[in-house]
Amino acid sequence: MQNKNKMIPMLVSMGLCVAALTSGVAYYSAHRIKDNLPKDTAQAKPQAEISSPVTAPQTPTLDVAKQERAQQKESQKQVQPDSDAKTKTETKSQEAPSAERKPAPKTTEVTFCWPVQGEVVLPYSKDKAVYDPTLEQYRTNDTLCIAAPVNTKVAAAADGIVKEIKDDPENGRTVMIEHSNGWRTTYGPLQKEGLPEKDASVTQGQTIGTVDHPTKYRSKLGEHLSFGITKDGQSVDPQTKLEK
């Protein structure tokens, strides 16, 4: 009995020693592991901790915003005159060529005078047949036949250039004068003497020949001048163009 009582304190003492030894070993092991870790690993901090914090932009106050707006308006006022001056300069440079352009020459309508004075013995009639006493039939007529005695002087109806002199079976010797703007006049029958040269310039009222005897195709009309006007190759009623 006494031996049992002596054993109990001894067992308790041994248990405490074992517990103390176990705690010491665990503490030593933990510190040993920590010492063996790399310094960078031991001192490393989580990425979230070392990242620079994001700073949200601050909204300017009302006073600051008004001041910035006033500065912008002032800058625009200073720049505006230069922009206006540039615009005016560009406009003038664009208008300059137009101002230097010479105005297009005005087209002057050709006026015609009567080549001879006399009665109309066969009128112009392109769209309606008229009676021809020589041929004793109705036909169209693209000239104006004006009564004029042989040797009557014939005047150029307008300024122009003599383009052709030909012998026509119906109208006899005929002179054709070219005027401006597509106008042409013809005169016949004319005598051979006193005719102008081809390509000669003539003026309105200038004598270009004298009346000759009519051909057999116009004999019953009497002595006369057959006068024709064309515009761009199309015949025109001379009485609508001759001066009244």
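Me: How many aromatic pairs does the count come to?

Reply: The count comes to 3 aromatic pairs. Keep in mind that this is a predicted model.

Me: What makes the pair of Phe112 and Trp183 edge-to-face?

Reply: Two values settle it, since a pair of aromatic rings is described by the distance of the centres and the angle of the planes. The centres of the Phe112 and Trp183 rings are 5.6 Å apart, and a pair needs centres within 6.5 Å. Their planes stand at 70 degrees, and planes over 60 degrees apart count as edge-to-face. So the pair of Phe112 and Trp183 is called edge-to-face.

Me: How do you know whether Phe112 and Trp183 are buried or exposed?

Reply: The cut-off for buried is under 20% relative accessible area. Phe112 has 0%, so Phe112 is buried. Trp183 has 6%, so Trp183 is buried too.

Me: What can you tell me about the largest nonpolar core?

Reply: The largest nonpolar core has 25 residues, and Phe112, Val154, Ile177, Tyr187 and Phe227 have the most contacts inside it. At least two residues of this core come from each of β4 (144–147), β7 (172–178), β8 and β11. Strand β11 gives the largest share, 3 residues. As a general point, nonpolar side chains tend to be buried together in soluble globular proteins.

Me: Which residues does Phe227 contact, leaving aside its neighbours within four places in sequence?

Reply: Among them are Pro115, Leu144, Ile146, Ala157, Tyr187 and Leu242. Phe227 is also in contact with Thr143, Thr185, Thr186 and Pro238.

Me: Why is His224 called buried?

Reply: His224 has 2% relative accessibility, and the cut-off is under 20%. That value is why His224 counts as buried. You can find His224 in strand β11 (residues 224–231). Not counting residues up to four places away in sequence, His224 touches several residues, including Val121, Cys145, Ile146, Gly188, Val211 and Arg218. The side chain of His224 also reaches the backbone oxygen of Gly222 at 2.7 Å.

Me: What makes β6 and β7 count as paired strands?

Reply: Two strands pair if there are at least two bridges between them. β6 and β7 have 7 bridges and pair in the antiparallel sense. One of the bridge partners to look for is Thr174 in β7, the partner of Lys166. β6 and β7 also form a hairpin, with 3 residues between them.

Me: In what sense do β6 and β9 pair?

Reply: Strand β6 (residues 160–168) and strand β9 (residues 201–202) pair in the antiparallel sense over 2 bridges. In β9, Ser201 is the bridge partner of Ile161.

Me: What does the protein come to as a whole?

Reply: The secondary structure comes to 4 helices and 12 strands. Of its 244 residues, 24% count as buried. The protein exposes about 18,000 Å², and carbon and sulfur atoms supply 54% of it.

Key
Residues are numbered from 1 along each chain as its sequence is written. This is a predicted model: local features need pLDDT of at least 70, side-chain atom pairs count only at pLDDT 80 or more; totals for chains, interfaces and linings use all residues. Side-chain values use heavy atoms; hydrogens and water are left out. Buried means under 20% relative accessible area, exposed over 50%, partly exposed in between (1.4 Å probe, protein chains only). A polar contact is a pair of N or O atoms within 3.5 Å; within protein, one must be able to donate a hydrogen and the other to accept it, and residues adjacent in sequence count only if both atoms are side-chain atoms. Contact means heavy atoms within 4.5 Å. Accessible areas come from the Shrake-Rupley method with a 1.4 Å probe; for residues, only the protein chains shown count as cover. Rings of Phe, Tyr and Trp (its six-membered ring) pair if their centres lie within 6.5 Å; planes under 30 degrees apart count as stacked, over 60 as edge-to-face and the rest as tilted. A nonpolar core is a set of buried Ala, Val, Leu, Ile, Met, Phe, Trp, Tyr and Cys residues joined through side-chain atoms within 4.5 Å.
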